[in-house]
Amino acid sequence: MLQTTLAIIKPDAVARGLAGEILAAVEAEGLRPVALKMLRLSKAQAQGFYAVHKERPFFDSLMDYMSSGPVVCAALRGEDAVARYRALMGATNPTQAEPGTLRRKYGQNLEANAVHGSDCPENAAVELAYFFNALEMTE
Ligand code: RTP
Ligand code: MG
């Protein structure tokens, strides 16, 4: 099914100059960016985005990390884009991610794991709306 998912290149990866390389890998996988922006999340904005995790012990640390520098957000479109992008990212913990995946290649640790991707189509719709308005979505 043709889907759109939300990808975020997280602050650690942007700070290390990896945004272009990661977007190139995404495009090489046949996932098309149809909206793109760089922004710096405030802590409150990061809290809004990751609200599902607010009871988790790692939440405060995650908020500090996600607001520590600019991120690059992209809407990625393609057949089964949600699952295909999750597969390209690899497991949450870079040490457990398959060789060749973005997190294995670019992640530094369980928290600073380089990229985010929506985990299901319903969450993708909510997350895309968090970052992009209708005018910004080219498809
Ligand atoms: P994401 O939402 O960022 O795509 O990652 P995910 O689905 O693979 O993992 P999730 O469980 O949703 O966790 C969100 C992000 O929180 C950080 N994390 N830290 N210290 C910890 O135990 C821990 N666990 C997760 C990671 O940055 C993870 O991507
Ligand atoms: Mg998640």
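**Close-up views of a predicted protein–ligand model**

UniProt lists residues 2-139 for "domain: Nucleoside diphosphate kinase-like", in an unreviewed entry; UniProt positions are in the numbering used here, feature names are shortened, and annotations may be inferred rather than shown by experiment. This is a predicted model, in which local features need pLDDT of at least 70 and side-chain atom pairs count only at pLDDT 80 or more, while totals for chains, interfaces and linings use all residues. Residues are numbered from 1 along each chain as its sequence is written, and chains are lettered from A and ligands numbered from 1 in the order in which they are written.

View 1. Over residues 2-139 the chain is 40% helix and 20% strand, where helices (H or I, at least four residues) and strands (E, at least two) are DSSP runs numbered from the N terminus. The end C-alpha atoms of this stretch are 11 Å apart. The protein chain has a mean pLDDT of 98, with 100% of its residues at 70 or more; pLDDT is the predictor's confidence in each residue, from 0 to 100. For the complex, the predictor gives an ipTM of 0.96 and a pTM of 0.97.

**View 2. The shell around ligand 1.** Look here for Phe-58, Leu-62, Thr-92, Leu-110, Glu-111, Asn-113, His-116, Gly-117 and Asp-119, using a cut-off of 6 Å from the ligand to the C-beta atom, placed from the backbone. Three of these shell residues are nonpolar, four polar and two charged. Here Ala, Val, Leu, Ile, Met, Phe, Trp, Tyr, Cys and Pro count as nonpolar, Asp, Glu, Lys and Arg as charged, and the others, Gly among them, as polar.

View 3. Ala-124, Glu-127 and Leu-128 are buried in α7 (residues 121-131); buried means 20 or more other C-beta atoms within 10 Å of a residue's own, exposed 12 or fewer, and partly exposed in between. Seen down the axis, the buried residues fall within an arc of 105°, so they line one face of α7; the arc is that of the directions from the helix axis to the C-beta atoms. They pack against β1 (2-9), β3 (71-79) and α5 (81-89), with contact meaning C-beta atoms within 7 Å. Glu-122, Ala-129 and Tyr-130 are exposed on the other side of α7.

**View 4. A positive phi at Asp-80.** Most residues other than glycine have a negative phi. Asp-80, though not a glycine, has a positive phi of about 50°. Asp-80 sits in the loop between β3 and α5.

How values were computed: Contact = placed C-beta atoms within 7 Å.
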